[in-house]
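Here is a short briefing on one chain. Please keep the sequence and the structure in view while reading.

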Amino acid sequence: MRQQYGEKLTQDSFLIREQFDVRDPFAISKCRQLRSNTLTKKLIDLAERSVIREKEILVEGSNRKRAEMRKNVPIAHGFRRFFTTQLVEPDLKTELRWLLEGHNLRGNDSHYIRVSEKHLQEEYEKAINCLQ
C-alpha cells in the first residue's frame, strides 16, 4: 500500500511508520518512524475498546503515575494470551495452535508434521467466532 502511494521502500525503511495523508506526496516521501509510546497508546486503546483490559479511571488525589500502575493484562502480551485462550475453545490441536501463534514446532515435530496453508486457515476459521 505504501508503494502504491509513492513511498520508496528499501532495506532501511521502517516496518511501521507514522500515518500520512495519501494526498500529500511530501508526507509520503518523508517517512518518519513511529515512536514506541505512540504504539503503546494505540495498543492500550485497542485493548480497552476490545474489552481485553478495563478502561483506567484515575481517582482524584491519587499520586500514582499512570505508567507506574500494574495492570492485570500486560498490554502487548495480553493480546497473545487472549488469542491463545480463544484457540483452545474450539479444540485446535496444540501443534496447529503453536503455528498460528507464530512459534516453531518443538523437537522433531518440524521434520514429521507438514501442515498446508489451507489446512491451517481452516483451523483458524474454527476459532474466528471465539475471537470476536
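Is Cys-130 buried, partly exposed or exposed? Cys-130 is partly exposed, because its relative accessible area of 24% falls between the 20% limit for buried and the 50% limit for exposed. The model is a predicted one. Its chain holds six helices and zero strands.

**Overall make-up**
- Along the sequence the pattern reads α-α-α-α-α-α.
- The chain has 132 residues, and 20% of them are buried.
- Among contacts with a separation of 6 or more, 28% join residues 24 or more positions apart.

**Cysteines**
- Cys-31 is partly exposed, with a relative accessibility of 25%.
- Cys-130 has a relative accessible area of 24% and is partly exposed.
- A disulfide is a covalent bond between the sulfur atoms of two cysteines.
- The count of disulfides in this model is zero.

**Helix α6: shape**
- α6 covers residues 117–131, which is 15 residues.
- From first C-alpha to last, α6 reaches 20 Å. That is close to the 21 Å expected at 1.5 Å a residue.
- α6 has a kink of about 30°. The kink is centred on Glu-125.

**Helix α6: buried residues**
- Leu-120, Glu-123 and Ala-127 are buried in α6.
- An α-helix has 3.6 residues a turn, so residues three or four places apart point the same way.
- The buried residues of α6 pack against α3 (75–88) and α4 (94–101).
- Glu-123 belongs to helix α6. Why does Glu-123 count as buried? Its relative accessibility is 8%, and buried means under 20%.
- Beyond its neighbours within four places in sequence, Glu-123 is in contact with Leu-92 and Leu-96.

- His-119 is placed in helix α6. The relative accessible area of His-119 is 32%, so this residue is partly exposed.
- His-119 and Leu-96 are 23 residues apart in sequence. Their C-alpha atoms are 9.4 Å apart in space.
- Leu-131 also has its place in helix α6. With a relative accessible area of 22%, Leu-131 is partly exposed.
- Which residues does Leu-131 touch, not counting those up to four places away in sequence? They are Phe-82, Phe-83, Gln-86 and Tyr-124.
- Leu-131 and Leu-87 are 44 residues apart along the chain, and 8.4 Å separates their C-alpha atoms.

**Helix α3**
- α3 has 14 residues and reaches 21 Å from its first C-alpha to its last.
- Gly-78, Phe-83, Thr-84, Gln-86 and Leu-87 are buried in α3.
- The buried residues of α3 pack against α4 and α6.
- Phe-83 and Gln-86, buried in α3, are among the residues that Leu-131 touches.

**The loop between α3 and α4**
- Asp-91 lies in this loop, between α3 and α4.
- Is Asp-91 buried or exposed? Asp-91 is exposed, because its relative accessible area is 66% and exposed means over 50%.
- The phi of Asp-91 is near 60°. This is a positive value in a residue other than glycine.
- Most residues other than glycine have a negative phi.

**The segment before α1**
- Ile-16 lies in the segment before α1 (25–29).
- Ile-16 is partly exposed, with a relative accessible area of 42%.
- Ile-16 and Arg-35 are 19 residues apart in sequence. C-alpha to C-alpha, the two are 9.4 Å apart in space.

**Aromatic rings**
- A pair of aromatic rings is described by the distance of the centres and the angle of the planes.
- The count of aromatic pairs here is zero.
- Where does Arg-106 lie relative to Trp-98? Arg-106 lies over the face of Trp-98, at 4.3 Å from the ring centre.

Technical notes:
Residues are numbered from 1 along each chain as its sequence is written. This is a predicted model: local features need pLDDT of at least 70, side-chain atom pairs count only at pLDDT 80 or more; totals for chains, interfaces and linings use all residues. Side-chain values use heavy atoms; hydrogens and water are left out. Rings of Phe, Tyr and Trp (its six-membered ring) pair if their centres lie within 6.5 Å; planes under 30 degrees apart count as stacked, over 60 as edge-to-face and the rest as tilted. A charge sits over a ring if NZ of Lys or CZ of Arg is within 6 Å of the ring centre and within 35 degrees of the ring normal. A disulfide is a pair of cysteine sulfur atoms within 2.5 Å. Buried means under 20% relative accessible area, exposed over 50%, partly exposed in between (1.4 Å probe, protein chains only). Helices (H or I, at least four residues) and strands (E, at least two) are DSSP runs, numbered from the N terminus. The expected span of a helix is 1.5 Å times one less than its number of residues. The bend at a residue is the angle between axes fitted to the seven residues ending there and the seven starting there. Contact means heavy atoms within 4.5 Å.
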